[in-house]
Amino acid sequence: MRHEKPTANAKGVESFGFVRCGALATPRRFVALVVVAVFAAGCHSGEEKQTAPGSAATTATVTPAGPPVFSAWAKYERNPKIDQAQFADNYIDLTLGHQVFQFPPQGIPSVQARELLLDDDKLLLPTGRRLWGQELLLQPGFVGKFCYIHSSFCSKKLFEVGFVVDGKPVVIYDNMYGIERYPSHTMVRYALGSISVDEAKYITYDDRAVATYQIRSADKKAHEVRIEVEAPYLPMPNSNDAGYPLLGSGSMQQTPVYVYLDAPGFERADTSLIHLSRKLTVTADGSNTLAQVAASYENTPRHGTTALPDDLLARHRHEYDQWFADNVPYFDAPDQGFKRMWYYRWWVVRFNMTEADTPDLSSYRFYEGKLGFDNPITFAVPVQIKELTYLRDPKFALSQIRNTYRNLAPTGAVVDPPGSPYWGESYSHWIAAAVLEFNRVHPIDPAVLRGLLNDMARDVRAWVTSFDGDSDGLPQSARPRITGYDLDILSYWYFDDLKLNLRGQPTDLERVDFASFVYANARALVELARQVQNLPFEREFTEVAEHLRGVALKSFWDDETHFFYPQRAEDNHRIPIRELHGLFPFLTGLAPDEPRYRLAVSKLVDPEEFWARYPPVITSLYHYKRWNWEMDGLTRNIAPHPISMGARTLLQILKHYNQSSVTPAHFMELMQHYNDLVFSGVNPFDRYWRPNVHEYYSKWEPHQSTSRPKPSDISHDFHSMYCSLIVEGVVGLTPRADEKIELRPNALEWPYFLLDRLRYRGKDLTIVWDRPDGQKQYADFPEGFSLYVDGKQAFTRPLIGSVVYDPADGSVTELKDPSPF
């Protein structure tokens, strides 16, 4: 631990040093009055046990009756510095909670201090069923940008709050408060001289934007505190009349919306504007006095008043946490980066979830990003389905699947839902293949599956007809956007000397990724059709897949350089640029497991090709190094989506191809670099501080002087895989069409890991590895590699490795050869 003497910076704001901590570094004090506790799993600070957020030592709340929300997870935690009870009540907040800095702290070099100010500092993490915040300004109340259903309907100010203490208005400066941010709420702690105020801000699942205030004496004297609230009448889509407490009414995508201001105990001033106040007596003994204000978004008009329960914060946190406890499997790992990223990425899923019935979408929908592209964009849907597959309740993924196939273009191809403006595009995709793997994990009801198959078939037919202008059997397009990688696809500008020409029209390309994805979708339809005895579909799409495979292998494969390349549609001129997409035949099984094709896979892990600092890159380094790092107008971004696609490709090669170039160590190395990219990397005391999965990153190349890539403007994006890679790669579960359980773990060097309550084909799986070294990691499980099904031991083996367990006879078979797709 290191303590820094308080110093004054150039603005006269006192700043302080850090508590050195392996999990979270925070300023020691704010103006010597506000003590910020350290809340994070794995943090050690002296011998005292840590205080959970929202506990009696910080904010007085009442926990709803019943067992602790995370009791099933807490029993596996071993941190002696945090009580199990704290994990059981606050696991997600403990793991992901952090401090937000208003200004660069003192006590570390100024460059590092400035880096602690991040692009998502003004963000509220909890979201409602339809309401979320894109921005939360650092002032009392709810001011910033708050959106409902879609970002085309946002309000900048819901209500503002001010304080008057003993008749004197309080002016709040930056050095008078500290901010602690948790997934469930943001806590702002104000030191206002004679009083202290804790302001908890959060959005409940029923779409209430709430500020809960706990006010107490800081000088052991009684005080009179008046809370002032001002609120505007809100601009509303398709607006109707408003009048306090109704801030506005209208409708959004045919959904009625009524916004009410709730402020129990407040009185309204005699003015045409909305100005409320409430007097509170704060006692000298330091006990808390409660006040609450909320803007409530509702779908029916009120008849009478609505109260805000005193324990609303506790109820909200309990409900918020319950979603994670009910739906997320528990994961433990010796590498805390993997472990914290697991829970962060499930928070990203929850953050980008919306539940509403609109003309184009129903029930649950998952946006690519509530801070960017708030729509279920076709490009992201396959990776979203893969992630959602491993939520315990299949309703979330199934809803995303149904919503996807509700929206088809006139051609029959899947298209972005029209209720939102992004982008109205039919992206190249592998949605049906993702649906197939979801069905292997959570078998779809046959009646539902039959209904989906017709639309899935229309999509595949569109790609082999409407997207095949020259009728040669290969999908083609002149729009780089439909790859999802836009200006990162150099092959579209190969015939323009690799220079961006905004006035020109890119040429029609027949691409390896188009063919690979359509092949995977056709093969998926074959298996799904077979499951519901739809023989005509089974025959039709078997023929589609076989024909496409034959044409693609003949057209794209180059025996001289051992790679798959795109070609110009008009003359079949092959473009000699190696792109990550040239490896997608191994992702989808289009490439046969034959020696001539297996020669390509070594390029994926070659540092002269795709294995860069954050592997893999979209275009081979071979080309960049021989041409020019500064391509005119084109980009070389790295991004979580292609990285996760590369990781999945690597997994498919390991599982389904008889080769030795790609190893489990490569997969684990890729995942480690993937973690490093997403963690902010700016906290000198915690390398796993504040993960943020941006849309893409630039300035990663060897000649760049920056230590870290530059993130894009869009934060916490849900357009890539991570959790499914943990399940299927680190732990090694391989979804199958039968009842056998196949495990091909890649974390072979880890001393232990645990994946618990993983829902698979109607059963709960526990997969655990504890190296037999006499240092038992888990009290409930023996050392070795074990599988439990519904709590009953299926097998335990002394060594970790690839196996298949057959529940019909209890047999365990070692896997030494690749398995079929």
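**Figure 1. The loop that holds P245 and its cis peptide bond.** P245 sits in the loop between strand 14 (223–231) and strand 15 (246–252). The peptide bond joining Y244 and P245 is cis, with omega about 10°. Helices (H or I, at least four residues) and strands (E, at least two) are DSSP runs, numbered from the N terminus. This is a predicted model, in which local features need pLDDT of at least 70 and side-chain atom pairs count only at pLDDT 80 or more, while totals for chains, interfaces and linings use all residues. Residues are numbered from 1 along each chain as its sequence is written, and side-chain values use heavy atoms, with hydrogens and water left out.

**Figure 2. The cis peptide bond from P615 to P616.** Omega of this bond is near -10°. P616 belongs to the loop between helix 13 (595–598) and helix 14 (621–626).

**Figure 3. S363, a residue other than glycine with positive phi.** Its phi is near 55°. S363 is placed in the loop between strand 21 (353–355) and strand 22 (364–366). S363 counts as partly exposed because its relative accessibility is 27%; buried means under 20% relative accessible area, exposed over 50%, and partly exposed in between (1.4 Å probe, protein chains only).

**Figure 4. N572, in the loop between strand 27 and helix 12 (584–588).** N572 is not glycine, and its phi is positive, near 60°. With a relative accessible area of 44%, N572 is partly exposed.

**Figure 5. An open sheet of three strands in the order 23-24-27.** The pairing in this sheet is antiparallel. Strand 23 (476–477) and strand 27 (567–568) are at the edges with a single partner strand each, so one side of each has no neighbour in the sheet. Two strands pair if DSSP finds at least two bridges between them. Strand 24 (residues 509–510) and strand 27 are joined by two bridges in the antiparallel sense. L509 is opposite R568 of strand 27. Strands of a sheet pair through backbone hydrogen bonds, either parallel or antiparallel.

**Figure 6. The hairpin of strand 34 and strand 35.** Strand 34 (residues 784–789) and strand 35 (residues 792–797) run antiparallel and are joined by five bridges. F795 in strand 35 is the bridge partner of L787. Two residues lie between the strands, and D790 in this hairpin has a positive phi near 50°.

**Figure 7. The protein as a whole, as context for the close-up views.** The protein has 17 helices and 37 strands. Its C-alpha trace spans about 85 × 65 × 55 Å along the principal axes. The radius of gyration is 28 Å, which agrees with the value near 28 Å for a compact globule of 821 residues; it is taken over C-alpha atoms, and the globule rule is 2.2 Å times the number of residues to the power 0.38. Of the 821 residues, 62% count as buried. Among contacts (heavy atoms within 4.5 Å) with a separation of 6 or more, 64% come from residues 24 or more positions apart. The protein exposes about 30500 Å², of which carbon and sulfur atoms supply 49%; accessible areas come from the Shrake-Rupley method with a 1.4 Å probe, and for residues only the protein chains shown count as cover.
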